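Biologist: I am new to this structure and would like to learn how to read it step by step. Could we look at it together?

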Amino acid sequence: MNKRILGKSGLEVSALGLGCMGMSFAYGSPKDKKEMISVLHAALDQGVTFFDTAEVYGPYLNEELLGEAFEGRRAQVVIATKFGFNIENGRSPIGPTGRSAGSPLNSRPEHIRAVAEASLKRLRTDHIDLFYQHRVDSEVPIEDVAGTVKELIAEGKVKHFGLSEASAETIRRAHTVQPVAALQSEYSLWSRSPEEVIIPTLEELGIGFVPYSPLGRGFLTGKIDETTTFGSDDFRSQLPRFTPEALKANRDFVELLASLAERKGITPGQVALAWLLAQKPWIVPIPGTTDPQRLRENNGAAEVELSTADLVEIESGAAKIQAYGERYSEAQQRLTNR
């Protein structure tokens, strides 16, 4: 697989990464560890070098999974993990059963340091390649957050600093203290809000962009419709865009992708990923999967070339479609674009 560099950071990764959350968290019960290690090894064998996790995915299970999977192959992979949430009584504050007595956020410097040390142990490594603030904590100045990560970088425990779902203003403030290597936020043909302000800011500052949910949490693959049901342990059961009404209303996005996919002999999901890759050379989507067949399909998107005519067709078609429903609940939405 071709490589890309995240902005001006010098951090080189595969053109497509792998979002690992669903292996341990948010989409039903944690999957079989041996099977997931097999998927992780298959991804690496197919050229994926960029793997995304977080302490709250489980909690802790996902980092532990990657630590075990890549022990002995650590030099071949770039691992991104995250800090910024309180974890109470071993329960994640996000996801289908997330609860927190107070604020779920915690980016105090001492907490960042504690998370870094614990993540290093779970990942069985001496450094974190990319350390994201998972959500911006309005109680802690972003300059203090960036300064703490800067110290961890000086100590060799972290290589690069990242932000997730941050506003342009926050990105600029953080970047003056410690260069931000990458921003991770939701971005797909179905969720295009970063295009207005965020992407131009990243381009100006030389920061890479890592879109999560680039397949709309599975919706853009065409495998989900208004008849699909989600269990209470599936994060999508809480999301406004995954009500039957919203899924039916948003079907036009899938049909747009499917029409082009059929003519090109590929899948709607591959078109969705290829479209993202075509937006900027420093964009690196991280689709997630637990299925070896879907993994190969997703990675095949890195070889798909969309012509100018294809991109115009997608753009003109998408311009006629209005996304229906918010991507998060009101409480979850308040934690984004801070």
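Biologist: In what order do the seven strands of the open sheet stand, and is the pairing parallel or antiparallel?

Modeller: Please keep in mind throughout that this is a predicted model. A sheet is read by listing its strands as neighbours, and here the order is S3-S4-S5-S6-S7-S8-S9, with parallel pairing. Strand S3 (18-19) and strand S9 (208-212) are at the edges and have a single partner strand each, so one side of each lacks a neighbour in the sheet.

Biologist: How many bridges join S3 to strand S4?

Modeller: Pairing is read from the bridges between two strands, and for S3 and strand S4 (residues 50-52), which run parallel, there are two bridges. Within this pair, Leu-18 stands opposite Phe-51 of S4.

Biologist: Moving along the sheet, which residue in S7 is the bridge partner of Phe-131?

Modeller: The partner of Phe-131 is Phe-161 in S7, and S6 and S7 run parallel, joined by five bridges. On to the next pair: S7 is also joined to strand S8 (residues 180-186), in the parallel sense, over four bridges, and there Phe-161 stands opposite Val-180. As for burial, six of the seven residues of S7 are buried, which leaves the strand mostly covered.

Biologist: Across which strands does helix H4 lie?

Modeller: Helix H4 (residues 142-154) lies across strand S5 (78-83), strand S6 (128-133) and strand S7 (158-164), and H4 runs at about 160 degrees to S7. The helix length can be checked too: at 1.5 Å a residue, the 13 residues of H4 should span 18 Å, which agrees with the 18 Å between its end C-alpha atoms. Just after H4 comes Gly-156, with a positive phi of about 85 degrees.

Biologist: Which residues of H4 are buried, and what covers them?

Modeller: The buried ones are Ile-142, Val-145, Ala-146, Gly-147, Thr-148, Val-149 and Leu-152, and their cover includes S5, helix H3 (109-122), S6, S7 and helix H5 (168-177).

Biologist: How many residues of helix H2 are buried?

Modeller: In helix H2 (residues 61-70), seven of the 10 residues are buried, so this helix too is read as mostly covered. Among them are Asn-62, Glu-63, Leu-65 and Leu-66, and the cover over the buried residues includes helix H1 (33-45), S4, S5 and H3. Just after H2, Gly-72 has a positive phi of about 95 degrees.

Biologist: Finally, how many residues does the largest nonpolar core have?

Modeller: In soluble globular proteins, nonpolar side chains tend to be buried together. The largest core here has 89 residues, and Leu-6, Phe-50, Leu-130, Phe-131, Leu-163 and Ile-171 have the most contacts inside it. Helix H9 (residues 268-279) supplies the largest share of this core, seven residues. A second, separate core of 19 residues includes Cys-20, Leu-66, Ala-69 and Phe-70. Leaving aside residues up to four places away in sequence, Leu-6 touches a set that includes Phe-50, Leu-130, Phe-209 and Trp-282.

Conventions
Residues numbered from 1 in each chain as written. Predicted model: local features only at pLDDT ≥ 70, side-chain atom pairs only at ≥ 80, totals over all residues. Heavy atoms only, no water. Core = buried A, V, L, I, M, F, W, Y, C linked by side-chain atoms within 4.5 Å. Buried < 20%, exposed > 50% of the residue type's maximum accessible area, 1.4 Å probe, protein only. Contact = heavy atoms within 4.5 Å. Pairing = 2+ DSSP bridges. Axes fitted to C-alpha atoms, helices over the stretch in contact; angles between N-to-C directions. Expected span 1.5 Å × (residues − 1).
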